[in-house]
Amino acid sequence: MSTPHNSASVGEIAKTVLMPGDPLRAQFIAETFLENPVRFNAVRNMFGYTGTYKGKKISVMGSGMGMPSIGIYSYELFKFYGVENIIRIGTAGAYSPKLDVFDTVLAKDCWSESTYALVQSGDTSDIQTPSEELNERIMTAAKSLGIPLTLGRVHSSDVFYHEDSSIDDFYVNHGCDVVEMESFALFHNAKVLGKHAACLITVSDSLVTHKETTPEERQKSFTNMMKVALEAA
Ligand code: HPA
């Protein structure tokens, strides 16, 4: 069986999937960290691989950018491929002055103005939450690796380029520490399908200090987050 967006057969995808936004990063992770990685999807170049890490079967697949994109891929993985856990591993911009570029943040929950949950299932909540169990595993893994994690509220935004550049509404009124564009849909899908999701983030830029990172730097700091996610998986 395949779906309109995934050519994998059932059984080719592990119970736990790590999801970076960029499919080329999924390829990099598979080729760098997994033993015997086998590509299960290339539809729309949204690469997905399954291999083993310390003897355990694990998959990694790109989600694309934004809630409609991760909404499709994560729904299909949960619903049609028997996936139980998805850990998003992404980047975000910092709203909080306490966060610096390269810091690693674990989503304690996420807020969004998006209509994703409302349209998908009639869910009117503007907050979606990750799996407590997955978060516990991620925090334990980070501790054992000596990698500091900050728990924070994620803003899942529908818009990358705002005409009004003020972040006050998101930071002050909604308590969001970082901004990305995917977690709200991922957590919602996990909720309606009775599955588990979490989101680990590397801060790639600050909307307070306007510090940015180069692609090479991001690649390197991404490695810390990857190790935590793989250990937790
Ligand atoms: N906005 C939205 N998503 C992002 C950002 C941002 O500033 N940085 C990284 N992902």
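Helices, of at least four residues, and strands, of at least two, are here DSSP runs numbered from the N terminus. On that basis, in this predicted model, the largest share of the shell around the ligand, 3 residues, is supplied by β5. The space that the ligand takes is the largest pocket, and the protein chain around that pocket is made up of 7 helices and 10 strands.

**The shell around the ligand**

- The residues around the ligand are T91, A92, G93, F160, V179, E180, M181, S204, D205 and L207, and of the ligand's 260 Å² of exposed area when taken alone, the protein buries 86%.
- Two or more residues of the shell are given by each of β5 (85–94), β9 (178–180) and β10 (196–206).
- By residue class, the shell divides into 5 nonpolar, 3 polar and 2 charged residues.

- A polar side-chain atom of D205 lies 2.9 Å from a nitrogen atom of the ligand.
- From the backbone, an N or O atom of G93 lies 3.2 Å from a nitrogen atom of the ligand.

**The chain as a whole**

- With its 7 helices and 10 strands, the protein chain has a radius of gyration of 17 Å, close to the 17 Å given by the globule rule for 233 residues, so the chain is as compact as a globular protein of that length.
- Taken along the principal axes, the box filled by the C-alpha atoms of the protein chain is roughly 45 × 40 × 30 Å.

Conventions: Residues numbered from 1 in each chain as written. Predicted model: local features only at pLDDT ≥ 70, side-chain atom pairs only at ≥ 80, totals over all residues. Heavy atoms only, no water. Near = heavy atom within 4 Å. Polar contact = N/O pair within 3.5 Å; in protein donor to acceptor, adjacent residues only side chain to side chain. Areas by Shrake-Rupley, 256 points an atom, 1.4 Å probe, with all protein chains shown as cover. 1 Å grid on protein atoms, 1.4 Å probe; cavity = no way out; pocket = protein on both sides within 12 Å on 5 of 7 lines; lining within 4 Å. Sits in = over half its atoms within 2 Å of the grid points. Nonpolar A, V, L, I, M, F, W, Y, C, P; charged D, E, K, R; others polar. Rg over C-alpha atoms; globule rule 2.2 N^0.38 Å.
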